[in-house]
Amino acid sequence: MKTFFAFIQKEFRHVLRDKRSLVILFGLPVVMMILFGFALSSEVKNSNVAILDYAQDDASRLLIDRIDQSQYFSVHQKLHSEAEIEQVFRKGQVRLVVIFPQNFQQDLLHSNHVQVRLVGDASDPNTSNIVINYASSIFRDYQNELSNNKKLPYSIETETRMLYNPQLKSSYNFVPGVMTLILMLLGAMMTSVSIVKEKEMGTMEILLVSPMRPLLVVLSKAIPYMVLCFIDVAIILLLAVFLLEMPIRGSLFLLLAESLLFILTTLSLGLLVSSVVDSQQTAMFFSLVGFLMPALVFSGFMFPIENMPLPLRIMSNIVPTKWYYSIVRAIMVKGLGFSYVIKQTLILVGMTVFFLGIAIRKFKIRLA
Amino acid sequence: MPQPVIYTHQLTRKFGDFVAVDAITFEVQPGEIFGFLGANGAGKTTAMRILCGLLSPTSGQANVAGFDVYRQNEEIKKQIGYMSQKFSLYENLTVRENIQFFGGIYGLSRQELKDKTNVLIDRLGLHNEANKLVGALPLGWKQKISFSVAILHRPKIVFLDEPTGGVDPITRRQFWDMIYEAAHDGITVFVTTHYMDEAEYCDRVSIMVDGAIAALDTPAGLKKQFNATNMDEVFLQLARGAKRGD
């Protein structure tokens, strides 16, 4: 136990003295949270709009005002001919052009049918889709106001309720995603690099001829990183709750326990890598390409797994990040209890045991 | 005659078809400085790894500090110290922290550690450097600290794998003074080296060629046997016959 303590103390000193690993350990989660929270928001706000108003009547002016007042748009300029539409898009000044036809108000009130044209810049398809949706809803609202007193025959009204995330905040999506990525990256990379470093420096040999059991050597290298990863979980959750105002709906204890489990999974992956490779570079490359890439693609955080072709959907099941991501979302966003995440938990436990088993086996073979 | 502290009989280690260590037989007495020489690739490192309990032999017998290398390698590890040619202290820990860490993994108590650290820093005259990072020290000093750390827990045997590689002659001389001192205190020293002047400092020297021990005697005895004026000539005569290169 004394030797164990001496070892852990030494490992902490290594980390705390190495500015690079400190930056990665504590800078990365903070930077990622702030980036995703503020810079990389998938909500589109304050898009510039150009207006081509052939009508120039009360109704069109009212609608233009509403568009301008909405938090999603600001009216950037008024156009005078169709020819200018292409120009403003080419210059990239606006995302949307709204065209009111002549006699807009008159047609609207008397013939009950009028067309407004929305022209979006689909060189960025996602954004233009979102922008068009926002604009359409402004027109729909206005239409509803007009027809308030009159009941339309045969109208189907859809009443939409977005469960769990009524404001469609993107933080609900990326906070679990960032947690998954950070833990995967740090757990696997930092552990494997730190063990391989000892091999490279020659200090591993000294440790192995010492009376410390080889297995204990490797495990005590992993434990400090477990603590550090756990601190990262705490940092991310604190930032999520206090900076991004995202509530933790489920049990905090359960969330932390599941996070600990996932940290163990990533550490055992790190141990596995370190038992196979011999240089720090290879270990780093292995972790980035072998773990971070699949974590990005197959966790469901950036790309919906449901849309992938079948072989990829099957492949996504062997990526541990997918399961942890789904656990975190279930607990944080939906507020579900343990009984809803048993399956994912068991899968992670199984993976951890499997990776750890191979790592230990490999390690023993090396020594023999 | 006291019990030998290292004893091997027909000790062999194969990697596939390759016989790295070929039926070596020798004894080392307590307190002896035993030079373990051989060209690169002669099998020194493999033999040393077996004796340190890192590798198990393919056949033959070996006994270190009274323990069997097949079954009791964990016991052996408690009895030995080890310093390798590769640098073996942590560069981003201070001198004091390094001493305390390596003492710690050999299970020294807190008080023992504190005392020994202070004695050691005294003896090496490192008062001003004790709290500096090891990475900032010159190589010669690092090697001296490394050696002191390797014998901190008073092992019966200390294995030194080319301990003076890349160090200047004056520091090497000082290093050997430390080795003599340790031997005087009863620690058996098992040392590999490529410097033939260092071979002269040993009590007895064995020279490995192609995995086997080609000669084993005192430096004076070897020179007489090979009709040579110094160890360099002895080594060259033997090593020239080697079939294995690097």
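A search of the whole predicted structure finds 24 salt bridges over all chains, a salt bridge being a side-chain nitrogen of Lys or Arg within 4 Å of a carboxyl oxygen of Asp or Glu. One of the pairs links Arg13(A) and Glu97(B), with 3.1 Å from N to O. Arg13(A) belongs to helix α1 (residues 2-17) of chain A and Glu97(B) to helix α3 (residues 95-105) of chain B, so the pair joins two chains. Helices (H or I, at least four residues) and strands (E, at least two) are DSSP runs, numbered from the N terminus. The model is predicted, and local features need pLDDT of at least 70, side-chain atom pairs count only at pLDDT 80 or more, and totals for chains, interfaces and linings use all residues. Residues are numbered from 1 along each chain as its sequence is written, chains are lettered from A and ligands numbered from 1 in the order in which they are written, and side-chain values use heavy atoms, with hydrogens and water left out.

Across the interface of chain A and chain B, three salt bridges are found by the rule. The contact (heavy atoms within 4.5 Å) takes 27 residues from chain A and 31 residues from chain B. About 2600 Å² is buried between the two chains, and carbon and sulfur atoms give 61% of this area; buried area is the accessible area (1.4 Å probe) that two parts lose on being put together, summed over both. Of the area that chain A buries against chain B, 25% is supplied by Ile206(A), Val209(A) and Pro211(A), more than by any other three residues.

Chain A contains an open sheet of four strands in the order β2-β1-β3-β4, with mixed pairing; two strands pair if DSSP finds at least two bridges between them. Strands β2 (73-79) and β4 (117-120) of chain A stand at the edges with a single partner each, so one side of each has no neighbour in the sheet. Neighbouring strands of this sheet are turned by 25° against each other on average, direction ignored. Strands β1 (residues 47-53) and β3 (residues 96-100) of chain A run parallel and are joined by five bridges, and Val49(A) has Leu96(A) in β3(A) as its bridge partner. Helix α4 (residues 83-91) of chain A lies across β1, β2, β3 and β4 of chain A, at about 165° to β3(A). Axes are lines fitted to C-alpha atoms, for helices over the stretch in contact, and angles run from 0 to 180 degrees between N-to-C directions.

In chain B, an open sheet of six strands has the order β6-β7-β8-β3-β9-β10, again with mixed pairing. Its edge strands, β6 (80-83) and β10 (212-217) of chain B, each pair on one side only, and the twist averages 15° from one strand to the next. Five bridges join the parallel strands β7 (residues 157-161) and β8 (residues 188-192) of chain B, where Leu160(B) stands opposite Val191(B) in β8(B). Helix α5 (residues 139-150) of chain B packs on the sheet and touches β6 and β7 of chain B, its direction making about 165° with that of β6(B). Helix α9 (residues 231-240) of chain B also packs on the sheet, touching β3 (33-38), β9 (204-209) and β10 of chain B, at about 25° to the direction of β9(B). Strands β9(B) and β10(B) run antiparallel with five bridges; they form a hairpin with two residues between them, and Asp210(B) in the turn has a positive phi of about 50°.
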